[in-house]
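Have the coordinates open as you read.

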Amino acid sequence: MINKSEIEQKVAEFLLQIKAIKLQPGKPFTWASGIKSPIYCDNRITLSYPAIRTYIRQNLSALIQEEFGSVSLIAGVATAGIPQGVLVAQDLGLPFAYVRSSAKDHGTGSLIEGEVYQGQRIVVVEDLISTGKSSLQAVEALRAAGCDVAGLVAIFSYNLQAATDNFKAAKCRFSTLSNYNALIEYASDHSFINKDDLELLRKWRDNPQEWGNSGESNTF
């Protein structure tokens, strides 16, 4: 059985060390959705660090086996979920496909790239979960193709209530290697942030829509 708490902390450590995650409570970022946030995450950076990339691959594979049992295909979510999904599929010796954010406007007009079959039991691999909407679009595309989506795994989640609600409404299980709660705990314990920052970070988690409506931000 995998030690989830240990993995959460280790992944948080890695993401902070390589600056895949940036914490700026005093100078928040602005997400494409318009939400102001003290955190910005780009897990694609992990691909540049072989030891970290290997740790993530191995633990995503173990998480899939423990949470979902036997599956017949791994599907990545374009674009950042594609390399992570390929690594996991290779590790598990399974076929791989990926789901586009929108159907191609040329050729076959495909939304799903790769071979999927009706009734296949699939786990979707994503790099990051915020509200879960883009991830669940991929899940619904696979379901529409007749696939049995067992669930979704990702490297990191922001622990937003919206994601929990959206996955519940879609009747889709999800699990992540690390999450916002584990991250801010690790960051505080290892001097990445101070106690005042920790309080601001907790307030964002509780009400991201209203947090930081005033003040300077970086748009991403």
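This is a predicted model: local features need pLDDT of at least 70, side-chain atom pairs count only at pLDDT 80 or more; totals for chains, interfaces and linings use all residues.

## Helix pairs

| Pair | Crossing angle | Axis separation |
|---|---|---|
| H2 (residues 50–68) and H3 (residues 81–92) | about 65 degrees | 9 Å |
| H6 (residues 180–189) and H7 (residues 195–206) | roughly 175 degrees | within 10 Å |
| H1 (residues 4–17) and H6 | roughly 65 degrees | within 9 Å |

Take H2 and H3 to begin with. Their axes are 9 Å apart and the packing angle is about 65 degrees, so the two helices are roughly perpendicular to each other. The crossing of H2 past H3 is right-handed. On the H2 side, the contact is built from Arg53, Ile56, Arg57, Gln58, Leu60, Ser61, Ile64 and Gln65, while H3 brings in Gln84, Leu87, Val88, Asp91 and Leu92. Sort the residues of this contact by class and you get 6 nonpolar, 4 polar and 3 charged.

How are H1 and H6 oriented to each other? They cross at roughly 65 degrees, so they are roughly perpendicular. H1 passes H6 in a right-handed crossing. H1 puts Glu8, Gln9, Ala12, Glu13 and Leu16 into the contact, and H6 answers with Ala182, Leu183, Glu185, Tyr186 and Ala187. The class count for H1 with H6 is 6 nonpolar, 1 polar and 3 charged residues.

H6 also pairs with H7. Their axes cross at roughly 175 degrees, so H6 and H7 run roughly antiparallel to each other. Here H6 uses Tyr180, Asn181, Ile184 and Ser188, and H7 uses Leu198, Leu201, Arg202, Trp204 and Arg205. That contact splits into 5 nonpolar, 2 polar and 2 charged residues.

## Helix H4 and Ser135

Now for H4, which covers residues 133–144. It has 12 residues and spans 16 Å from its first C-alpha to its last, close to the 16 Å expected at 1.5 Å a residue. Which residues of H4 are buried? They are Ser135, Leu136, Ala138, Val139, Ala141 and Leu142. These buried residues pack against strands S5 (73–77), S6 (96–99), S7 (112–113), S8 (121–129) and S9 (148–157), and against helix H5 (161–169) as well. Just after H4, Gly146 has a positive phi of about 95 degrees.

Leaving out residues up to four places away in sequence, Ser135 touches Glu126, Leu128, Ile129, Leu152 and Phe167. Ser135 and Gly76 are 59 residues apart along the chain, with 9.5 Å between their C-alpha atoms.

## Asn59 in H2

Back in H2, you'll find Asn59. Is this residue buried or exposed? At 13% relative accessibility, Asn59 counts as buried. Setting aside neighbours within four places in sequence, Asn59 is in contact with Ile7 and Leu177. The C-alpha atoms of Asn59 and Ile155 are 9.3 Å apart, although 96 residues separate the two along the chain.

## Backbone angles to check

Some loop geometry deserves a look too. Most residues other than glycine have a negative phi, and most peptide bonds are trans.

The peptide bond from Ala78 to Thr79 is cis, with omega near -5 degrees. Thr79 sits in the loop between S5 and H3.

Then there's Lys19, a residue other than glycine with a positive phi near 65 degrees. Lys19 belongs to the loop between H1 and strand S1 (21–23), and it is exposed, with a relative accessible area of 53%.

Where is Ser191 found? It lies in the loop between H6 and H7. Phi of Ser191 is near 65 degrees, a positive value in a residue that isn't glycine. At 65% relative accessibility, Ser191 counts as exposed.

Conventions. Residues are numbered from 1 along each chain as its sequence is written. Side-chain values use heavy atoms; hydrogens and water are left out. Helices (H or I, at least four residues) and strands (E, at least two) are DSSP runs, numbered from the N terminus. The expected span of a helix is 1.5 Å times one less than its number of residues. Buried means under 20% relative accessible area, exposed over 50%, partly exposed in between (1.4 Å probe, protein chains only). Contact means heavy atoms within 4.5 Å. Axes are lines fitted to C-alpha atoms, for helices over the stretch in contact, and angles run from 0 to 180 degrees between N-to-C directions. Angles under 35 degrees count as roughly parallel, over 145 as roughly antiparallel, 65 to 115 as roughly perpendicular and the rest as oblique. A crossing is left-handed if the near helix is turned anticlockwise from the far one by less than a right angle, and right-handed if clockwise. Ala, Val, Leu, Ile, Met, Phe, Trp, Tyr, Cys and Pro count as nonpolar, Asp, Glu, Lys and Arg as charged, and the others, Gly among them, as polar.
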